[in-house]
Amino acid sequence: MAGLLDDFFMRALVAGVGIAIVAGPLGCFIVWRRLAFFGDTISHAALLGVALSLLINSSTTLVVFLVSAFVALSLLLIQKRTILPADSVLSLLSHSTLALGLVVLGFISWVRVDIMGVLFGDILATSVTDILIIYIGGLTALIALAIIWRPLFAATVDREIAKAEGMNPDRANIIFVFLIACVIAISIEIIGVLLITAMLIIPAAAARRFSSSPEQMVVISGLIGSASVIGGLFGSLTWDTPSGPTIVVAALACFLVSLSPLANILVLKKAPHS
Amino acid sequence: MFIPKSPLASLDAAGINRGGRWLVRGVDMTVESGEIVSLIGPNGSGKSTTAKMILGILPPDEGIASRYSHLRVGYVPQTVSFDWSLPLTVDRFMKLTGRVSSTDIDWALSETVTSHLRREEMRTLSGGEFQRVMLARSIVRKPDLLVLDEPIQGIDFTGEIAIYELIKRIRDELHCGVILISHDLHVVMAATDQVICLNGHVCCSGTPDHVASTAAYRELFHTSEDQTHALYKHRHDHRHLPDGSVTDYYHKSDQHHSDSVSPPNSPD
């Protein structure tokens with residue numbers, strides 16, 4: 001294992017697949033709940049987290065997690081009380097945290113910051129420590145998701161049924177928001193601010209055609225995400241294209257295949273299950 | 001299954017205020033095991049809001065909502081929509097809020113005549129099938145309290161009667177309390193132990209016979225000559241006598257209908 005991870009390409013593969021396995025299941029909830037723009041906003045807020053972590057010279061993952069979780073929780077609060085429409089609030093927070101992050105980066109004259117790296121990630125620069133953070137953080141997130149699965153899914157279908165029938169949908173929602181912040185924090189340096197939402201949403205969208213239950217969709221989404229990472233990384237190696245965007249393009253290709261008649265063969269195979 | 005003696009759930013002078021306007025106020029109600037309580041009233045009279053208070057979905061802004069602890073609830077809300085992105089079969093939907101055995105699913109689906117839909121996706125169901133499946137899901141966990149908000153939407157007339165018979169049968173079989181919200185007065189009046197007539201407040205309540213005999217009920221639902229007027233104004237602080245003359249304010253004690261408490265143009 002240690003020998004395997006000596007190679008930067010292997011490290012990128014292992015890290016990317018780890019992120020995809022966590023992003024797939026959480027991405028399904030983002031798609032089911034129509035939270036795509038919400039995910040975008042939190043990931044943009046992560047840029048502010050990166051800037052602040054450089055400013056106070058602290059762990060990027062930790063600061064990004066705290067800032068993302070803070071923005072996500074304030075979104076939940078603001079949406080309950082504000083007179084502005086939800087999408088305007090999201091757009092406001094999304095772009096103001098992005099701008100704020102860039103302004104803070106501008107102030108930090110003593111560090112040379114690779115803006116492209118922050119926006120699009122640098123999966124080929126993944127270290128063994130990064131891999132450890134991804135797998136420990138990712139495993140924690142998946143275990144937490146398994147624990148809140150039933151109330152979270154019930155609240156996704158209908159919050160009022162969940163609440164009336166004795167579940168605690170609000171607690172599940174808050175934990176879910178923390179899990180999204182966690183995924184963004186562990187993948188920010190690998191995938192980047194602008195592309196992490198794609199890793200959450202595109203594999204989930206592609207998995208829909210092949211799934212006949214939410215549990216199936218979550219697993220298939222993780223698999224499609226992993227396939228996109230592997231395909232994208234080999235593609236970027238072959239054609240010398242930027243790796244993050246190539247992974248997203250590979251995910252897009254999976255989604256297009258799921259829409260095409262080609263997918264019918266796979267869908268039909270699954271139909272007579274019991 | 002447990003059968004508590006005290007009320008399963010109750011409201012005590014409960015009300016919900018949104019932006020300074022009372023959606024519903026001063027509601028007293030109780031529901032006991034084996035009892036069917038119907039909430040009736042015009043649109044916007046606070047029926048669904050009242051049900052949500054008693055279920056704990058909306059905490060009352062004044063008054064008290066209480067429920068028996070560990071109450072097993074089955075709830076059919078007025079509207080639920082399923083996104084295309086959500087792969088959800090009828091079978092999986094039955095297990096939404098708790099583990100249930102396959103035998104119980106069989107039972108709930110056959111009670112609601114939907115056994116043939118078990119493998120179908122929720123979003124492919126027709127309106128009537130959807131309502132039946134919603135009902136099946138609400139009974140599958142053998143609830144102590146069943147709350148049905150307009151359970152017969154999209155169901156044809158013969159189906160309607162079957163649904164009400166089913167609700168009575170479920171009540172007898174599970175000995176559960178039932179809160180029923182419906183527009184269909186004739187069937188409601190026939191299938192109910194207790195009726196609560198709402199219009200922003202409790203207009204009248206009691207047995208169906210008693211409620212049907214009150215002026216408030218007639219004003220709300222039966223005013224033949226000027227129905228629209230009655231529904232919009234609904235300020236029965238007087239009573240029409242058979243000869244057309246007007247008698248004094250009907251029930252002074254609660255002051256619900258006197259001008260001193262309701263401002264002009266208020267919905268009641």
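## Exercises on a predicted two-chain model

The side chain of A:S228 reaches the backbone oxygen of A:I224 at 2.7 Å. This is a predicted model, in which local features need pLDDT of at least 70 and side-chain atom pairs count only at pLDDT 80 or more, while totals for chains, interfaces and linings use all residues. Residues are numbered from 1 along each chain as its sequence is written, chains are lettered from A in the order in which they are written, and side-chain values use heavy atoms, without hydrogens and water.

**Exercise 1.** Describe the interface between chain B and chain A by its residues and its buried area.

*Solution.* 
- Step 1: On the chain B side 32 residues are in contact with 26 residues of chain A.
- Step 2: About 2400 Å² is buried between the two chains, and carbon and sulfur atoms give 57% of this area. Buried area is the accessible area (1.4 Å probe) that two parts lose on being put together, summed over both.
- Step 3: Of the area that chain B buries against chain A, 25% comes from B:P87, B:R92 and B:L96, more than from any other three residues.

**Exercise 2.** How many salt bridges are there between chain B and chain A?

*Solution.* 
- Step 1: The criterion is a side-chain nitrogen of Lys or Arg within 4 Å of a carboxyl oxygen of Asp or Glu.
- Step 2: The count is six salt bridges.
- Step 3: One of the salt bridges joins the side chains of B:D83 and A:R34, at 2.3 Å from N to O.

**Exercise 3.** Summarise the secondary structure and burial of chain B.

*Solution.* 
- Step 1: Chain B has nine helices and 11 strands.
- Step 2: Of the 268 residues in chain B, 55% are buried.
- Step 3: Among contacts in chain B with a separation of 6 or more, 64% join residues 24 or more positions apart.

Notes: Contact = heavy atoms within 4.5 Å. Helix = DSSP H or I, 4+ residues; strand = E, 2+ residues; numbered from the N terminus. Buried < 20%, exposed > 50% of the residue type's maximum accessible area, 1.4 Å probe, protein only. Polar contact = N/O pair within 3.5 Å; in protein donor to acceptor, adjacent residues only side chain to side chain.
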